[in-house]
Amino acid sequence: MGISVCLVGLGQFGAQFAELYRNHPMVDRLALCDLDAERLAKVAHGCAVAECYRSLDEVCRSDIEAVVLITQPWLHAEQAMQVLRAGKHVYSAVPPVYGPDGERLLEQLDALVNTVRQTGQLYMLGETTCYRAEVSYCRQRIAQGDFGQLTYGECEYWHDLDNPNSNLRQVDRARWGREWGPDKRGAIPMHYPTHATASMVDIMQTRVASVSALGYQRPDEDWFLRDAYWGNVFGNEVALYRMANGAVVRHTELRRVGHPGREGFRLFGTEGSFLWDEGGCRWGTREGVAAVDVNIAREPLPPALAANLGGHGGSHAYLVHEFVSACAEGRQPRIHVWQAARFMAPGIVAHQSALRGGEPLPVPDWGEPPA
Ligand SMILES: NC(=O)c1ccc[n+]([C@@H]2O[C@H](COP(=O)([O-])OP(=O)(O)OC[C@H]3O[C@@H](n4cnc5c(N)ncnc54)[C@H](O)[C@@H]3O)[C@@H](O)[C@H]2O)c1
């Protein structure tokens, strides 16, 4: 039996998911929702979807079974809890929680996990990194034992503020809209950590145990300012993690970087290593390093989705398939709320450490889903 889904948030990113949900063979009924009537009408027309809602409140009152939230980041946590309490499954775009106050974000993560536990509904985080072919490839290599003992990793999300392809000043202004004002400048880099942390936590099947981090403050800074909403002066943040499996990981979140941008990682074991950066993807051993085709590790998809995988390394189709399948089968999705917390909490605590000059701090953990 298929399910009914409502896609809420049809902005720059959300609109890209409408066709994938419409085409999924297990989606019997697709509805769309946005506060912005023009956006809603445009996507509904483009995808020939008739069922439309003007607000999340309306969706929560409906008989829709599963809600996909691709709204602004600071809305995710409260909206996801609202959906869960309404007795529906929920998918949230990253990050699971967002805002300037780390302690508050950790409290929100705690509330999110508890709401999933109490309601018994499913929660999935839409972290694109988990369905990139590079990550699938490493998962396979881990399963075959090819890395040996995992010793060291590097992961990064580099996105310069003035990147000509995606200018973060403009992205932030557009997302905050009427609420913008001059004070919303300077978002904390480590409060958007999941694209980077997800690779290490997912592949290693472990969690971050502790962190020591430092921040970089540009001397002629005009964006990362102490007196703005975020109270943040760090344009770049660099964290060193001790993983629960003993490995060490370096994580860089750079917003001030003369570079076109990068989501990548390297992972090293006693027997093998994987490198992904501008040089492409390579597998290494003591004997040498050679290019590899990571697409051989892609998992199967329904044919209706396989023809067009969507953006972010072809991850979109997999995210849709995993959420729909988990809801239809009544099982936890791969990126359940406990895993979402393991992607998010390290960044929150990294920023706290950076504010204390690199003091090592333990990273809280919410464990695994109940059996
Ligand atoms: N690689 C990735 O995983 C990736 C990439 C891009 C964006 N994102 C995430 O996707 C999210 C959306 O980004 P975007 O650029 O599309 O933002 P956006 O501001 O363009 O779109 C958000 C939309 O949500 C709608 N919305 C907000 N509250 C609503 C409500 N209560 N009811 C109905 N509609 C509501 C808004 O009207 C808006 O159209 C962000 O959280 C961002 O972090 C993730």
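This is a predicted model: local features need pLDDT of at least 70, side-chain atom pairs count only at pLDDT 80 or more; totals for chains, interfaces and linings use all residues.
Residues are numbered from 1 along each chain as its sequence is written.

Q: Into which domains does the domain assignment divide the protein, and how far apart do the C-alpha centres of these domains lie?
A: Domain bounds come from an automatic or database domain assignment. That assignment gives domain 1 (3-127) and domain 2 (129-299 + 334-362). The C-alpha centres of domain 1 and domain 2 are separated by 25 Å.

Q: Which element gives the most residues to the side of domain 1 that touches domain 2?
A: The contact takes 18 residues from domain 1 and 23 residues from domain 2, two residues being in contact if their C-beta atoms, placed from the backbone, lie within 7 Å. On the side of domain 1, helix H5 (102-119) and strand E6 (123-126) are the elements that give two or more residues; helices (H or I, at least four residues) and strands (E, at least two) are DSSP runs, numbered from the N terminus. With 7 residues, the element that gives the most is H5.

Q: How many nonpolar, polar and charged residues has the side of domain 1 that touches domain 2?
A: Ala, Val, Leu, Ile, Met, Phe, Trp, Tyr, Cys and Pro count as nonpolar, Asp, Glu, Lys and Arg as charged, and the others, Gly among them, as polar. By these classes, the side of domain 1 that touches domain 2 has 15 nonpolar, 2 polar and 1 charged residues.

Q: Which residues does Val8 touch, not counting residues up to four places away in sequence?
A: Val8 is among the residues with the most contacts inside the largest nonpolar core. Not counting residues up to four places away in sequence, Val8 touches Cys33, Leu56, Val59, Val67, Val68, Leu69, Ile70 and Thr71.

Q: Which residues come nearest to the ligand?
A: A residue is near a molecule if its C-beta atom, placed from the backbone, lies within 6 Å of it. The shell around the ligand divides into 11 nonpolar, 9 polar and 4 charged residues. Of the 24 residues around the ligand, those that come nearest are Gly9, Gly11, Phe13, Thr71 and Ala93.

Q: Why is helix H11 largely enclosed by the rest of the structure, and which residue follows it?
A: H11 (residues 316-329) reaches 20 Å from its first C-alpha to its last, close to the 20 Å expected, the expected span being 1.5 Å times one less than its number of residues. A residue is buried if 20 or more other C-beta atoms lie within 10 Å of its own, exposed if 12 or fewer, and partly exposed in between, with C-beta atoms placed from the backbone. Because 10 of the 14 residues of H11 are buried, the helix is largely enclosed by the rest of the structure. The residue that follows H11, with a positive phi near 65°, is Gly330.

Q: Is Ala48 buried or exposed?
A: Ala48 has a positive phi near 55° in a residue other than glycine. Ala48 is placed in the loop between helix H2 (37-47) and strand E3 (52-53). Because Ala48 has 8 C-beta neighbours inside 10 Å, it counts as exposed.

Q: Which peptide bond is cis, and what is its omega?
A: Pro95 lies in the loop between strand E5 (89-93) and H5. The peptide bond from Val94 to Pro95 is cis, with omega near -10°.

Key
A nonpolar core is a set of buried Ala, Val, Leu, Ile, Met, Phe, Trp, Tyr and Cys residues joined through C-beta atoms within 7 Å.
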